[in-house]
Structures are given as structure tokens and as C-alpha cells.
Amino acid sequence: MGDVEPLRALLAVRLSNLTDETTSPERQRGLTQGHAERHGWSVVGLAEDLDVSASTVPPFDRPRLGPWLREPGCYEWDVLVFWRADRAVRSMADMFALTRWAQQHRKVIVFVSGPFGGDPLTLDLRQDQADPHVNLILAIISFAAEVESQAIKERVNGARAFLLPTNRWAGGPPGYGYRIIDHPVKGKTLERDEYAAGVIQEIARRLCARESLTGVVHSLNERGELTYRDHMRVLQGKPTRSRGRGRYTDVERELWSLQSVRTMMCSPRLLGYKVHNGKPAAGPDGAPIQIAAPVLTHEQFQRVQDALDARSATRTRTRRTTPLLGVIKCGACGGNASRVTSRPKGRVYEYYRCTTDGAHGQRCTQAAAAPLITGIVERAFLSQLREVRVQEREWFKGEDHTAELEHVRRLRDSLENEIGRGHV
């Protein structure tokens, strides 16, 4: 008999919070890798989802693990190895979905640390029927994980409700322009990040100088200015993780977008306020809570809002497909040009514009008036097809005999009634 090929193992690592040292990615990688090596399995991949909550993101929707559970990635491995069950799921519904999928695809699921820190738990679902005792254990584990997740959520919500009316930081990202520091009494608070504050003040000056938002975003991307998330990763000694797009496909970093800059510049957190659900949190006296030094003064902040409002043109979206879609191309990048209608201050403008990568400030600056484009296309069309004969369908109004037909139906019904009574 020939040698049996070793099983192919996929290692799965998950972490809800990158600051959690007890369940660090390094620890999970080491334990799952060691378990696979002891069993002679060949490791074919590592699905590492960091800053991903199992309570809100099922395994199939996670950025790194999800593709391995879909075609063609699901055919490249046989064993899915987790450190513990709570690294896989935190709900009974997700556990049921994962094990059912594994049974349909003939997979093995392994938890290196079994229930209550015991021996490894192996769920071999390559057979049609799984061991009912294992299913019972999984149900107990997933139930315990779900209860723990709910308890954690209640503790977090309670802590945030307690800290909300204070100048202590309740957790979460502080936003661009600030960073988290130790509170002088207890807990954490915020202070202004001078470098990020300088970038924000530069953006404010350029917007107030009537520079376009697209131009600002384009220049930030061109000079390699890090976005908030990449800026925080670098401060923590970690590499940027997002890949660029458009003309920046060779860049391993996140890009600024029109929406991200607009949202950032409209946030009241730039005034140093503590923000909850997008609005300043109020203290016991009803006034906004000042948690850090402001990045912009009230006057500067209002000027930025006025500048952004002045750039907001009311656009009308039609229900029809853009005329000449696929015919009019951008001369710079070859992308499709779309017809845009804007009504600034009551005046109507229609023009064709390339919208390729417009969200990241890379939109082509050239545009052409719609009547001019339409005229060029019409002349080109007629020069080629002016003599071609076409058929047109014509409709002629017919005669309406509805009233006569209804009269005949009534006569028929009357005769049928007479025959039924024997009068005819």
C-alpha cells in the first residue's frame, strides 16, 4: 500500500483587540503551528484576522479567513486549526453554521486548547455522521462563549456610560489629531497629536483658500501622507497594512478619500470635544466636555464648514442610464465618462466627466460640456449613417367596440337565464 498523504492544515488566528497580550497573535501562531507539526500535517496557510470581533463578524465574513472558506480556497486545505473555540466563534448559531459547512465539505476542525483548558478537541467531519458527544461538547462551548460575549458587552457598555460625562476616555479610536495618554487621576484621556494636528490645520488653510477638496486629497496621497489608521499603526511600531489603488497600486498603505477628509474636517472632535455618536458629549452642566486641546479654533472650524458648504453643488441623479455610456471615454485614462448635472446657485450645468478613482482624489480634472459632446457625436453619427434607411413602426387608432360587446354579453346572459327558467 502506498503512503498516505499528510493532511493539509490551515491555521486560524483571531484577535478582537491588538492590545490584548494574553491572546496575542504570536501565541496563537505558535500553539497552532506546534500542534500541526506534532501530527505531521503540512501547513498550507495562515488566516490572521486582527481587530476582528467574533461576536459581530462570523467566520465566513472575516477578511482573512473568509476567502479560505469559499471556492477555490476551500479545496486547498483539510484541517482548520484554532487555538480555542472562542477564537473561532462566540455564538451557537455561528458554531452550527461552521460545523455544518465543514461536514458538507468533509473538513476537520481542531481546537488546540480543549474545553476548560483541557486536551485538544478534534472534530472530524469527514464522515456523514459526527460523534454526538462531540456535538454536545461543542454546543456547551459555544453557549459558554456566547454568554461570555454578552457579559463583556454589558461591562463595556456600563463602563462607557459611567465615563461618558467625565474627561476620561471611554475607549475606542480617538480620531485623527489626538492620541490616548494616561489620565492624571485614573484611567485614560486624550491629548493633541501635534503632527496630525499640523496636517489638519494645513487642510483647513487650503480649503479656506478655495482649493478644491479633490486637489487636497490628491496631494495628500501623492506625498504619501498616512491616513489615521496607518498613522496609528506606525506609532505602535507596526507596518501599514492597506494596499493602494488606482495609480497607487504599488503602495502598501491606505489612501485618503474625499469622504474621509470631509468627515474628518466636519467632526466636532477637532474642537477638543468628547464625541459620542457623532455629536459632542455633554457634561453635568449641559456644556460639551472638553477632553483635549482643540486642533482648530471655533472661528477656524466655522470657516472650514462654510468652505465645504460652498463646494457642495446639488446634483440631480436621473433614473436613466447615462447617455452615450461606453461611447465617451476619458482621454487620460480611458475610463467611461458620465454625464453630471449640477445646479449651483440655481444655474444648471451639464457636462461629461471621468469618475475613475474620484473618491481618492485622482479624478481627471478635464471635463467637457454635454451639448458640445452631444453635437460632436451627432455629426460623427450622421456622417457615417446619414443615407441608411431605417424602419419605423407606426400605430393607427383602431375602432372601439367595447360598448357593443358588453351589450351582447348582457343579452346572452339574459337568454341563458330565460332558458334556465323554462320560459323559452
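Which strands does helix 1 (residues 25-38) lie across, and at about what angle to strand 1 (8-15) does helix 1 run? Before I answer, please keep in mind that this is a predicted model, in which local features need pLDDT of at least 70, side-chain atom pairs count only at pLDDT 80 or more, and totals for chains, interfaces and linings use all residues. Residues are numbered from 1 along each chain as its sequence is written, and side-chain values use heavy atoms, with hydrogens and water left out.

Helix 1 lies across strand 1, strand 2, strand 3 and strand 4, and runs at about 160 degrees to strand 1; helices (H or I, at least four residues) and strands (E, at least two) are DSSP runs, numbered from the N terminus, and axes are lines fitted to C-alpha atoms, for helices over the stretch in contact (heavy atoms within 4.5 Å), with angles from 0 to 180 degrees between N-to-C directions. Helix 2 (residues 92-104) lies across strand 3, strand 4 and strand 5, at about 135 degrees to strand 4.

The sheet itself is open, with five strands in the order 2-1-3-4-5 and mixed pairing, where two strands pair if DSSP finds at least two bridges between them. Strand 2 (42-50) and strand 5 (121-124) stand at the edges with a single partner strand each, so one side of each has no neighbour in the sheet. From one strand to the next, the twist averages 20 degrees. Strand 3 (residues 79-82) and strand 4 (residues 108-111) are joined in the parallel sense over four bridges, and Phe-82 has Phe-111 in strand 4 as its bridge partner.
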